[in-house]
Amino acid sequence: MACIPQFHQSLNGECSWIEYRSIVFKEPRFVEYFRLATPELEYGRMNIGSRPSKRKPSGGIESLRAIPWIFAWTQTRFHLPVWLGFGAAFKNILEKDIRNLHMLQQMYNEWPFFRVTVDLVEMVFAKGDPGIANLYDKLLVSEDLWSFGERLRSNYEETKGLLLQVAGHKDLLEGDIYLKQRLKLRDSYITTLNVCQAYTLKRIRDPSFQVKPRPHLSREYSVSSKPAAELVKLNPTSEYAPGLEDTLILTMKGIAAGMQNTG
């Protein structure tokens with residue numbers, strides 16, 4: 001494993017950082033996309049953190065604290081800060097010589113630090129869902145930015161494929177079936193919360209948006225001995241329409257609990 005230092009330097013070199021900066025800091029409309037596609041703005045207005053979400057209220061990405069930056073992407077199941085740049089690093093090494101794939105796989109099998117790093121990123125991919133991120137885009141992002149979201153999701157899929165090659169896996173979490181099963185059990189509940197959150201954000205940002213009415217619940221579910229006011233206590237000081245802030249906070253907490261990552 002004498003070549004490990006050289007590969008480690010390549011993986012953590014300029015190619016990974018350049019891609020990250022080219023998208024997060026240099027893409028002209030990235031900040032606009034980020035704030036439309038995630039609940040970052042609403043999170044910053046709510047009193048659910050120990051500190052303000054930004055160091056400077058008027059600042060851009062560079063002024064955002066680490067926790068809300070990760071939290072916002074975790075809520076949409078896209079986890080962009082975790083994986084962005086990994087794909088560029090792997091591609092750079094494989095383009096130099098396809099035989100380097102064998103070296104990367106050897107590193108994964110014999111170098112604990114590298115294996116743990118790859119396993120952690122693989123775990124994040126297992127928790128991710130670009131389809132959910134696409135739902136947020138279609139509901140909340142202006143149509144002229146949809147292609148940017150599609151490009152990011154394409155990068156996501158490419159990076160996931162390269163990661164699986166390096167780990168020698170055919171599927172995510174192939175080496176941790178217990179975690180894979182736990183995530184599978186939680187997925188349907190988290191997905192429901194994601195859909196609820198996306199539509200709640202749509203109603204917050206677009207008061208004219210109307211949700212199509214659904215059939216009434218059966219009598220056994222709809223009848224209660226307690227008045228609705230006793231069952232649900234809405235925040236009377238919210239700047240949003242009644243119930244929307246409460247719903248949004250509940251979905252944020254539920255998704256964070258299901259992901260077991262808050263930022």
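Helix α12 (residues 177–205) passes α15 in a left-handed crossing, meaning that the near helix is turned anticlockwise from the far one by less than a right angle. The model is predicted, so local features need pLDDT of at least 70 and side-chain atom pairs count only at pLDDT 80 or more, while totals for chains, interfaces and linings use all residues. Residues are numbered from 1 along each chain as its sequence is written, and side-chain values use heavy atoms, with hydrogens and water left out. Helices here are DSSP runs (H or I, at least four residues), numbered from the N terminus.

**Two helix pairs**

Two packed helices are described by the angle between their axes and the distance between the axes. The axes are lines fitted to C-alpha atoms over the stretch in contact, with angles from 0 to 180 degrees between N-to-C directions.

| Helix pair | Axes come within | Crossing angle |
|---|---|---|
| α12 and α15 (residues 244–259) | 9 Å | roughly 150 degrees |
| α10 (residues 130–140) and α11 (residues 146–167) | 10 Å | roughly 175 degrees |

The angle makes α10 roughly antiparallel to α11, a label for angles over 145 degrees. α12 and α15 are therefore roughly antiparallel to each other too.

On the α12 side, the contact (heavy atoms within 4.5 Å) includes R186, I190, T200 and I204, and α15 brings residues including L244, T247, L248 and M259. By class, this contact of α12 with α15 has 10 nonpolar, seven polar and two charged residues. Here Ala, Val, Leu, Ile, Met, Phe, Trp, Tyr, Cys and Pro count as nonpolar, Asp, Glu, Lys and Arg as charged, and the others, Gly among them, as polar.

Let's zoom in on T200 of α12. At 6% relative accessibility, T200 counts as buried (under 20% relative accessible area, 1.4 Å probe, protein chains only). Beyond its neighbours within four places in sequence, T200 is in contact with L244, T247 and L248.

In the other pair, P130, A133, N134, D137 and K138 of α10 meet W146, G149, E150, R153, Y156 and E157 of α11. That contact has four nonpolar, two polar and five charged residues.

**Nonpolar cores**

A nonpolar core is a set of buried Ala, Val, Leu, Ile, Met, Phe, Trp, Tyr and Cys residues joined through side-chain atoms within 4.5 Å. The largest one has 40 residues, and F30, L80 and F114 have the most contacts inside it. Its largest share, eight residues, comes from α11. L80 touches V24, F30, W73 and L152, leaving out residues up to four places away in sequence. Apart from this core lies another, of 17 residues, among them Y43, I132, Y136 and L140.

Conventions:
Helices (H or I, at least four residues) and strands (E, at least two) are DSSP runs, numbered from the N terminus. Buried means under 20% relative accessible area, exposed over 50%, partly exposed in between (1.4 Å probe, protein chains only). Angles under 35 degrees count as roughly parallel, over 145 as roughly antiparallel, 65 to 115 as roughly perpendicular and the rest as oblique.
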